[in-house]
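Trainee: I would like to learn how to read aromatic pairs in a protein model. Can you take me through one?

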Amino acid sequence: MKLLTPAHVAAVLHIKPQSLRLKRMRGGGPPFIRLSDSPTGRAYYPEAEFLAWLAARPRHTSTAEEKRDSRTS
């Protein structure tokens, strides 16, 4: 199992690591694990679970993209 660091996951999501930490604290964001029993231990993200979580997120388009796509259909 490959584990991703919070810095890597934050970069992929285009957010700051602190924002990712807040998502974890509030029960949101991608699934993570801690390798220690301590609640303050470092969090890691299993790559396969992170990619599945990312793929399941809703996708949004801009109004300009929707107009362009409707003209080509």
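Mentor: Gladly. Keep in mind that this is a predicted model. We begin with one residue. Phe32 has a relative accessible area of 32%, so it counts as partly exposed.

Trainee: How many aromatic pairs does a search of the whole structure find?

Mentor: The search finds two aromatic pairs.

Trainee: What describes a pair of aromatic rings?

Mentor: Two things do: the distance of the centres and the angle of the planes. Now take Phe32 and Tyr45. Their ring centres are 6.2 Å apart, and their planes stand at 55°, so this pair is tilted. An angle under 30 degrees would count as stacked, and one over 60 as edge-to-face.

Trainee: Where in the chain do Phe32 and Tyr45 lie?

Mentor: Phe32 is in the loop between helix 2 and strand 2. Tyr45 belongs to strand 3, residues 43-46. They are 13 residues apart, and the pair links distant parts of the chain.

Trainee: Is Tyr45 buried or exposed?

Mentor: Tyr45 is buried, because its relative accessible area is 0%.

Trainee: Which residues form the stacked pair?

Mentor: Phe50 and Trp53 do. Centre to centre they are 6.2 Å apart, with 25° between the planes. That angle is under 30 degrees, so the pair counts as stacked.

Trainee: Where do Phe50 and Trp53 lie?

Mentor: Both lie in helix 3, residues 47-56. They are three residues apart, about one turn of the helix. Check their surroundings too. Phe50 is buried at 1% relative accessible area, while Trp53 is partly exposed at 22%.

Trainee: Back to Phe32. What sits over its ring?

Mentor: The charged end of Arg24 does, 5.7 Å from the ring centre. Arg24 itself is in helix 2.

Trainee: Which side chain of opposite charge is nearest to Arg24?

Mentor: That is Glu49, 13 Å away. Arg24 is buried yet has no salt bridge. A salt bridge needs a nitrogen and a carboxyl oxygen within 4 Å.

Trainee: What joins the side chains of Arg24 and Tyr45?

Mentor: A polar contact of 2.8 Å joins them.

Trainee: Which residues does Arg24 touch?

Mentor: Leave out residues up to four places away in sequence. Then Arg24 touches Pro6, Phe32, Arg34, Ala43 and Tyr45.

Trainee: Where is Glu49 found, and is it buried or partly exposed?

Mentor: Glu49 is found in helix 3. Its relative accessibility is 41%, so it counts as partly exposed. Glu49 and Pro30 are 19 residues apart in sequence, and their C-alpha atoms are 7.7 Å apart.

Trainee: What about Tyr44?

Mentor: Tyr44 is in strand 3 and is partly exposed at 21% relative accessibility. Its C-alpha atom is 5.5 Å from that of Phe32, twelve residues apart along the chain. Tyr44 touches several residues beyond four places away in sequence, including Leu3, Leu4 and Phe32.

Trainee: In what order do the elements of the chain run?

Mentor: From the N terminus on, they run β-α-α-β-β-α-α. That comes to four helices and three strands. Of the 73 residues, 18% count as buried.

Trainee: One last reading. What is the phi of His14 near?

Mentor: Phi of His14 is near 60°, a positive value in a residue other than glycine. His14 is found in the loop between helix 1 and helix 2. At 73% relative accessibility it counts as exposed.

Technical notes:
Residues are numbered from 1 along each chain as its sequence is written. This is a predicted model: local features need pLDDT of at least 70, side-chain atom pairs count only at pLDDT 80 or more; totals for chains, interfaces and linings use all residues. Side-chain values use heavy atoms; hydrogens and water are left out. Rings of Phe, Tyr and Trp (its six-membered ring) pair if their centres lie within 6.5 Å; planes under 30 degrees apart count as stacked, over 60 as edge-to-face and the rest as tilted. Helices (H or I, at least four residues) and strands (E, at least two) are DSSP runs, numbered from the N terminus. Buried means under 20% relative accessible area, exposed over 50%, partly exposed in between (1.4 Å probe, protein chains only). A charge sits over a ring if NZ of Lys or CZ of Arg is within 6 Å of the ring centre and within 35 degrees of the ring normal. Lys and Arg count as positive and Asp and Glu as negative; His and the chain ends are not counted. A polar contact is a pair of N or O atoms within 3.5 Å; within protein, one must be able to donate a hydrogen and the other to accept it, and residues adjacent in sequence count only if both atoms are side-chain atoms. Contact means heavy atoms within 4.5 Å.
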